[in-house]
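This report goes through one protein model for a reader who has not seen it before. It begins with a single residue and then widens to other sites and to the chain as a whole.

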Amino acid sequence: MTFRRVLLTLAAAAFAAASAFAAAGAGRDDGVTLHGDRQQGGLMIGRTDPQAVVTFGDRRLRVSPEGWFVFGFDRDAKPAATLRIKRPGHAESTERIQVDKRDWEIQRINGLPPSKVNPPPEVAARIDREYREIQAAHSQDLDRADFMEPLQWPVKGTVSGVFGSQRILNGTPKQPHYGVDVAVPVGTQVHAPAGGIVTLAERDLYFTGGTLIIDHGHGLSSILVHLSKIEVKVGDEVKQGQVVAESGMTGRATGPHLHWGVYWFDTHIDPQSAMAVTAER
Ligand SMILES: [Zn+2]
């Protein structure tokens, strides 16, 4: 993947923004740092005064006692985003972040029987209920910063599906692939990518089968999908690397693999970006 490391200092005062950005690194020190992956699906981590009010778009971000905050860009994020930081005793700084567009893999398959393209109508209510259950887990904003540990692969194996790709079946675009697939045999031990709290543990969801969500704090969470066995329950605190499940091919999986998705609230993050960004300090 193309991954650009960016580390810069935010403008101390809005009125000086234009000249200050040009002079970034020329001796100014407003104590704000930001690094990450400024493209669709990318994760960003920043640090500022723990007392600061940090706003990304319309969302106020949780700032840890050490001043850390996190946010990210969805697969289809618009080209510009705004981060605002108001530190006590300072003017608010505003940064417009340019979000680079990525090219996604698109696969068109035609001539499929309709039953392979759309789920039968009688499962619509179930799908809707399960979707809302997953959304509720992703909407939490826990006061913990496990995302400060470099995220690790939950299993080791060949990557068989990448983030952002999309299938168009019989002309109907399906939901993009919001995660990475790793081809591993059924029963492979699945490890927590980072520490956190289990916020969802379901054995049989329609699309995702055995499904686990681990919340790493500040809205960042991992979803582990198509599991054959789940070893933890909702509310459990897990450590990074802990065995939490066994992989499988439950739900609508075409073969044995682990699907790992990373979310910032309901924003879909590329797990490979999240790993790269959380590994940088
Ligand atoms: Zn997948």
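Gly42 is buried, because its relative accessible area is 0%, and a residue counts as buried under 20%. The structure shown is a predicted model. Gly42 sits in the loop that links strand 2 (33-36) to strand 3 (43-47). Apart from residues up to four places away in sequence, Gly42 touches Asp37, Gly72, Phe73, Ile269 and Ser273. The C-alpha atoms of Gly42 and Ala274 are 7.0 Å apart, although 232 residues separate the two in sequence.

**The chain as a whole**

The protein has 281 residues, of which 49% count as buried. It contains 4 helices and 22 strands. Among contacts between residues at least 6 apart in sequence, 67% join residues at least 24 apart. The protein exposes about 13300 Å², and carbon and sulfur atoms supply 51% of that area.

The average pLDDT of the protein is 89, and 89% of the residues score at least 70. Over residues 1-28 the pLDDT is below 50, yet this stretch has 58 contacts in the model beyond near neighbours in sequence. Where pLDDT is low, predicted coordinates should not be read in detail.

**The zinc site**

Which residues coordinate the zinc ion? The donors are His177 through NE2, Asp181 through OD and His259 through ND1, at 2.0 to 2.1 Å. Along the chain these donors follow the spacing H-x3-D-x77-H. Both His177 and Asp181 are buried.

Ser247 lies in the loop between strand 20 (243-246) and strand 21 (258-264). Ser247 has a relative accessible area of 0% and is therefore buried. Its side chain reaches the backbone oxygen of Pro185 at 2.9 Å. Leaving aside neighbours within four places in sequence, Ser247 is in contact with several residues, including Val184, Pro185, Val186, Gly187, Thr188 and Val190. The contacts of Ser247 also include His226, Leu227, Ser228 and Leu258.

His226, one of those contacts of Ser247, belongs to strand 17 (residues 220-227). Is His226 buried or exposed? His226 counts as buried, because its relative accessibility is 7%. His226 has a positive phi of about 70°, although it is not a glycine.

Asn170 is found in the loop between strand 11 (166-169) and strand 12 (172-173). With a relative accessible area of 32%, Asn170 is partly exposed.

Ala201 lies in strand 15 (residues 196-205). Ala201 is partly exposed, because its relative accessible area is 25%, while buried means under 20% and exposed over 50%. Not counting residues up to four places away in sequence, Ala201 touches Thr211, Leu212, Ile230, Val232, Lys233 and Val234. The C-alpha atoms of Ala201 and Ile213 are separated by 6.6 Å, with the two residues 12 apart along the chain.

The table collects the accessibility of the residues described above.

| Residue | Relative accessible area | Class |
|---|---|---|
| Gly42 | 0% | buried |
| Asn170 | 32% | partly exposed |
| Ala201 | 25% | partly exposed |
| His226 | 7% | buried |
| Ser247 | 0% | buried |

Notes: Residues are numbered from 1 along each chain as its sequence is written. This is a predicted model: local features need pLDDT of at least 70, side-chain atom pairs count only at pLDDT 80 or more; totals for chains, interfaces and linings use all residues. Side-chain values use heavy atoms; hydrogens and water are left out. Helices (H or I, at least four residues) and strands (E, at least two) are DSSP runs, numbered from the N terminus. Buried means under 20% relative accessible area, exposed over 50%, partly exposed in between (1.4 Å probe, protein chains only). A polar contact is a pair of N or O atoms within 3.5 Å; within protein, one must be able to donate a hydrogen and the other to accept it, and residues adjacent in sequence count only if both atoms are side-chain atoms. Contact means heavy atoms within 4.5 Å. Donors are N, O and S atoms within 2.8 Å of the metal (3.2 Å for Na, K and Ca); water is not among the atoms, so sites may look incomplete. pLDDT is the predictor's confidence in each residue, from 0 to 100. Accessible areas come from the Shrake-Rupley method with a 1.4 Å probe; for residues, only the protein chains shown count as cover.
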